[in-house]
Amino acid sequence: ELLGFSLLLVSYFSIVGSSDTIVSSVLNNLLPGPLVAALIGLFALLVIDRVVYILRSVVAKLLLHYAAVVLYFVFYVLLYLTFADRVRSKMTLGIQFVVHTVYLVLSARQIKFGFPVFVRHTLTDTYSDWRYYTYWMYRIIPFVFELNALLDWTFTATALKIWYWLKLEDIHHELILARADVVNNRYWKAWVGQPWPRLPKFYLGFLWFFGLVALIFAPLLAYSSYSPALEPNAVTYASVGLAFASFPELYSGRTPNP
């Protein structure tokens, strides 16, 4: 559902055949109302699905599944009938339809096999590079971790206060980093008391240092006389005029630059 939410955000203008983009709409401080309504609907469905998962209610999951099938069918049929003459919209709609169909298939499997008794963190129960970096992407997206933690605490039977729940999440995060650090040390064979190899010192030390230096001096070079974007600002003409308020212009003259 999160993937479908992101795809709709970036592909809405392609679906409706508009020449605008999400960037231009944000710059103009005006987003299409149907896009906002669709995003709110998908987000509400995502939240309800998470709440049902926390409560482990198979009946609620089945009702939500039926409602999602009907809503998606109506939504995509209406969009297809509205923009059927636009080939690009058909392709984008097809991608959206496949993504939500995969969600419905996984949802049906969840209803069939039930909810797990013990919750395991898919991205953190075992270590691998793709799990670790996917988890980092999840943590750096603004407000996603906070919203998930607040929702889990609200609908989970726990004796912890919200602050202690967040502290527990931070402890879990630190343990994940510690395990990744241990795996990284084993990979580079950096044992205790031994100097680090040159390759990680190069890209973790020198390249980071070079990047920070470039970050400091690049703006200075961009606004200096050595900037490649700097062009001569030659005078092409001069003009002068004389007039009083509420009266026609008395004199005006223009002299081109020879």
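User: Which helices are included in what covers the buried residues of α8?

Analyst: The model is predicted: local features need pLDDT of at least 70, side-chain atom pairs count only at pLDDT 80 or more, and totals for chains, interfaces and linings use all residues. Residues are numbered from 1 along each chain as its sequence is written, and side-chain values use heavy atoms, with hydrogens and water left out. Helices are DSSP runs (H or I, at least four residues) numbered from the N terminus, and contact means heavy atoms within 4.5 Å. The cover over the buried residues of α8 includes α6 (129-140), α7 (144-155) and α9 (198-222).

User: Which residues of α8 are buried?

Analyst: A residue is buried under 20% relative accessible area, exposed over 50% and partly exposed in between (1.4 Å probe, protein chains only). In α8 the buried residues are Ile 162, Trp 165, Glu 169, His 173, Ile 176, Ala 180 and Trp 188.

User: How far apart are the end C-alpha atoms of α8?

Analyst: The expected span of a helix is 1.5 Å times one less than its number of residues. Helix α8 has 27 residues (162-188) and should therefore span 39 Å. The distance between its end C-alpha atoms agrees with this, at 39 Å.

User: Which residue follows α8, with a positive phi?

Analyst: The phi of this residue is near 55°. The residue is Lys 189.

User: How are α1 and α3 oriented towards each other, roughly parallel or roughly antiparallel?

Analyst: Two packed helices are described by the angle between their axes and the distance between the axes. Axes are lines fitted to C-alpha atoms, for helices over the stretch in contact, and angles run from 0 to 180 degrees between N-to-C directions; under 35 degrees counts as roughly parallel, over 145 as roughly antiparallel, 65 to 115 as roughly perpendicular and the rest as oblique. Helix α1 (residues 2-15) and helix α3 (residues 33-55) pack at about 175°, with axes 10 Å apart. The angle therefore makes α1, relative to α3, roughly antiparallel.

User: How many residues of the contact of α1 with α3 are charged?

Analyst: From α1, Leu 2, Gly 4, Phe 5, Leu 8, Leu 9, Tyr 12 and Phe 13 meet Pro 34, Leu 35, Ala 38, Leu 39, Leu 42, Phe 43 and Leu 46 of α3. Ala, Val, Leu, Ile, Met, Phe, Trp, Tyr, Cys and Pro count as nonpolar, Asp, Glu, Lys and Arg as charged, and the others, Gly among them, as polar. The contact holds 13 nonpolar residues and 1 polar residue, while the number of charged residues is none.

User: Which residue follows α3, with a positive phi?

Analyst: The 23 residues of α3 should span 33 Å, and its end C-alpha atoms are 33 Å apart, which agrees. The residue after this helix has a phi near 60° and is Arg 56.

User: Which residue forms a salt bridge with Asp 49?

Analyst: Side chains of opposite charge can pair when their charged atoms come close. A salt bridge is a side-chain nitrogen of Lys or Arg within 4 Å of a carboxyl oxygen of Asp or Glu, and the count by this rule is 3. The closest N and O atoms are 2.8 Å apart, and the partner is Lys 61.

User: How many residues apart in sequence are Asp 152 and Arg 50?

Analyst: Asp 152 forms a salt bridge with Arg 50, the closest N and O atoms being 2.9 Å apart. Asp 152 lies in helix α7 and Arg 50 in helix α3, so the pair ties together parts whose separation in sequence is 102 residues.

User: In the salt bridge of Asp 125 with Arg 131, what is the distance between the closest N and O atoms?

Analyst: Asp 125 is partly exposed, with a relative accessible area of 28%, whereas Arg 131 is buried, at 18%. Their closest N and O atoms are separated by 3.0 Å.

User: Which residues does Thr 124 contact, leaving aside neighbours within four places in sequence?

Analyst: Thr 124 lies in the loop between α5 and α6. With a relative accessible area of 8%, Thr 124 is buried. Its contacts are Tyr 135, His 172, Ile 176 and Arg 179.

User: Is Leu 30 buried or exposed?

Analyst: Leu 30 is placed in the loop between α2 (22-27) and α3. Its relative accessible area is 61%, so Leu 30 is exposed.

Notes. Helices (H or I, at least four residues) and strands (E, at least two) are DSSP runs, numbered from the N terminus.
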